[in-house]
Amino acid sequence: MNRKLFLHLLISILSVIAFVGIWHLFTAVLRVVSVNTLPDPMKVFTSFIKKFSNPNPDGATLLQHTAASLQVALTGYFYALIIGIPLGIMMAWNKYIDRFVRPLFDLLKPIPGVAWIPLMIVIFGLGIASKAAVVFFSAVVPCVLNSYTGIKQTKDVHLWVARTFGASHHQKLFTIAIPTALPHILTGVRVALGAAWVAIVAAELLGATRGLGFMIQQSRGIYRTDIIIVGMLAIGICGGILTSILTIISNFLLKGRR
Amino acid sequence: MRVDSTGSVDTVISCQRVSKEFSSKRGTTKVIENISLEVKRNEFVVLFGPGQCGKTTLMNVLSGLDTATSGTVYSLGEKVVRPGAERGVVFQSMALFPWLTVRGNVAYGPKARGFEKSVWIEKSDYYINLVGLKGFEDSYINKLSGGMKQRVGIARAYCNEPEVLFMDEPFSALDAQTRYLMQEEIMRIWSTEKRTIVFITNNIEEAVYVADRIILLTNCPAKIKKEYHIDLPRPRDYTSPEFLSLRDEISKNMDRTL
Amino acid sequence: MRKILQRMAQNSMYAIISIVSFLLLWAIGVQLSDIKIVMPGPWEVIIDFVDSFIHPVGRYTMPVHILYSLMRVVPAYIVGSVVGITLGILMGWYRPINSIFRPIYELIRPIPPIAWIPISIVWFGIGEGSKWFLIFLAAFVPVTLNSISGARSVDPLLIKCGEMLGASKKHMFRTIVLPFSVPYIFSGLQVGLAGSWATVVAAEMIRSTEGVGWIIISSMDTNDVAQSLVGIMGIGIVGFLLATIMRNVEDRLCAWTVREV
Ligand SMILES: Nc1ncnc2c1ncn2[C@@H]1O[C@H](COP(=O)(O)OP(=O)(O)O)[C@@H](O)[C@H]1O
Ligand SMILES: [Mg+2]
């Protein structure tokens with residue numbers, strides 16, 4: 001059993017080595033691909049390390065760009081959570097709110113967050129607020145959707161039991177429906193974070209003076225593909241870390257269920 | 001369909017000193033201890049024991065779905081090491097293929113083994129008819145009631161024309177009324193299409209109603225406690241004095257568990 | 001039956017009330033505040049939207065822009081999905097294949113397709129090539145992920161059942177693993193489709209001369225907010241139609257599943 005696991009690990013390691021090896025072969029050794037198209041892996045690695053302290057060519061270090069992206073993304077995300085989750089819960093819990101809000105929500109749902117950028121710039125100007133608003137639009141949809149489905153999972157029997165104990169409508173919501181919905185709500189919280197992260201990158205690609213999206217867009221103009229790839233890796237790593245943090249938190253909150 | 005060769009009493013399934021242990025991090029648990037038994041051709045053997053005593057585990061070992069820790073299982077004189085078409089199984093949880101129709105499920109075995117279309121159509125027709133599902137050939141499984149689903153399970157196992165059929169508490173998920181009906185049905189099917197059947201149950205009435213021979217198992221780890229040959233004439237009457245006295249005697253010898 | 005019709009009529013009535021009051025709120029809000037200098041009212045936008053089907057926005061009318069965008073999405077989406085399904089199922093079912101491709105896949109997975117835009121322009125230029133590449137990624141990543149989890153979740157009892165019935169490994173792959181994964185694959189296809197649509201909009205906003213994303217971004221140069229909203233309407237409607245078509249295909253192909261409400 002353990003030997004098998006080891007074997008698979010070995011295959012994985014060999015596969016990564018082969019991947020990097022082929023990349024190295026075509027770029028650094030055979031030079032069939034120019035540096036302007038794809039730098040060799042060593043160069044990407046050194047650029048990654050250097051970018052932590054070197055603000056050139058785009059005016060800020062990697063961490064400064066990351067912090068700038070995170071700040072805007074988390075702002076929009078925060079508003080998406082505090083508006084989206086209660087809205088989803090209320091829509092599922094109150095049929096009048098549902099009837100009134102859902103058609104609008106269904107109408108706006110299929111519009112990708114990036115599409116709002118020009119409008120948001122008109123309303124909020126070129127600063128942080130318009131980007132945060134775009135993030136908000138991207139992140140609020142999964143918050144609402146998942147909270148809504150979560151509350152709808154509530155079992156009628158549980159509500160009947162609550163009624164026999166004389167629970168009020170409010171008590172039923174807070175002691176039965178919301179606990180039932182918690183796993184779904186947390187899924188929404190996680191999906192929304194991913195959506196927020198994508199949205200901020202998109203917004204920065206289109207116009208910004210800081211941030212990872214800005215960094216890769218700038219580097220494209222001057223053919224610094226090494227910095228583009230560094231930026232992409234940073235975006236991926238950051239997104240991965242954010243999601244893992246939320247996974248850990250939600251596992252902790254759901255401890256003891258199944 | 002298949003003609004019983006001479007009616008001679010040769011052995012279809014036998015096992016010698018079979019034991020089965022499950023080991024986990026918390027230690028090993030012995031589930032089957034030293035069981036030896038023989039099943040003759042066209043015999044209806046019931047493995048009878050309390051819940052969680054190891055019946056399913058024993059059936060898995062006998063049918064090749066699982067391997068014994070020690071001891072050997074023979075099927076027609078050959079060692080059993082893996083599941084195979086000569087040992088059909090009707091699962092407690094039915095395990096039907098929901099993406100296939102009744103016909104697709106019943107014909108699965110012959111199709112998988114490469115029979116021509118005309119052959120598997122003919123075979124599946126015959127067995128769908130035999131279990132009383134004529135007219136439901138093109139229904140999907142999810143549309144059927146519990147009793148009908150288990151009929152599909154029985155037809156699917158039968159249609160592969162195995163040497164021996166294992167049935168693991170096939171009626172335990174059904175309501176009491178349907179269960180009685182299915183007990184009669186299985187006797188009708190078996191008398192039309194004589195097969196060797198190893199039938200598992202924890203219901204004493206069911207055991208006495210269907211069995212040629214009842215093998216009484218002890219509580220976990222399962223050992224053979226006693227064997228009963230039931231020669232009451234068929235169809236049996238649940239309320240006849242002979243039936244009731246047999247039922248009482250076996251009940252008295254059965255291990256009690258909570 | 002009557003009841004269902006009645007419910008439907010009632011629901012659409014609520015929908016109309018809800019949307020009309022939203023539009024009214026918008027109209028009044030615009031009228032009462034300073035924003036009316038830049039922000040058009042709903043009526044104006046709706047007229048512009050209808051007009052965009054007759055008179056071109058930029059070089060083309062709305063349907064042509066939509067067609068341009070769809071021509072970028074559809075072929076790449078199909079290729080990405082086919083590759084994703086194949087690779088995902090194989091990775092989910094055969095451990096060695098998983099071991100080979102997993103590390104590289106995990107490297108690509110967290111990078112959103114949108115973040116590939118700059119490098120794809122470097123690699124494939126500003127034409128269709130870079131957009132196809134991006135859409136390919138937008139479809140491939142989620143479809144692969146869901147196909148893996150589909151093949152992973154195959155009920156082991158059903159596999160035992162197949163062995164018991166005498167099926168070979170290859171036969172079981174085709175008749176058990178694959179159909180079992182279909183619902184999972186479809187949820188990946190849905191996610192991938194929405195992602196592809198969002199990605200093409202972003203890609204067109206960054207570099208293009210036509211397409212629905214272009215309608216929005218070019219409105220910034222002319223300060224024409226109504227045009228931006230017309231673009232948003234087009235994007236929303238097509239996005240909605242794509243998702244609906246996909247759901248109908250799924251319902252056809254997965255007639256055997258009982259969909260949970
Ligand atoms: N795969 C397994 N791993 C560990 N323990 C098992 C496993 N399968 C069964 N057992 C244990 O063996 C005992 C007998 O199980 P089973 O054969 O299913 O009983 P029965 O079918 O008679 O109800 C149970 O206590 C169960 O917990
Ligand atoms: Mg059992």
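A: **Surroundings of ligand 1**

Ligand 1 has an oxygen atom 2.6 Å from a polar side-chain atom of B:Thr56, a polar contact in the sense of a pair of N or O atoms within 3.5 Å. Of the area that ligand 1 exposes when taken alone, 560 Å², the protein buries 60% (accessible areas by the Shrake-Rupley method with a 1.4 Å probe). This is a predicted model, in which local features need pLDDT of at least 70 and side-chain atom pairs count only at pLDDT 80 or more, while totals for chains, interfaces and linings use all residues. Residues are numbered from 1 along each chain as its sequence is written, chains are lettered from A and ligands numbered from 1 in the order in which they are written, and side-chain values use heavy atoms, without hydrogens and water.

Backbone atoms also take part. A polar backbone atom of B:Lys55 is 2.8 Å from an oxygen atom of ligand 1, and for B:Cys53 a backbone N or O atom lies 3.1 Å from an oxygen atom of the ligand.

The residues surrounding ligand 1 are B:Phe22, B:Val31, B:Gly51, B:Gln52, B:Cys53, B:Gly54, B:Lys55, B:Thr56 and B:Thr57, where a residue is near if one of its heavy atoms lies within 4 Å. Helix H1 of chain B, residues 55–63, gives the most to this shell, with three residues (helices are DSSP runs, H or I, of at least four residues, numbered from the N terminus). By class the shell has three nonpolar, five polar and one charged residues, with Gly counted as polar and Cys as nonpolar.

Terms used: A polar contact is a pair of N or O atoms within 3.5 Å; within protein, one must be able to donate a hydrogen and the other to accept it, and residues adjacent in sequence count only if both atoms are side-chain atoms. Helices (H or I, at least four residues) and strands (E, at least two) are DSSP runs, numbered from the N terminus.
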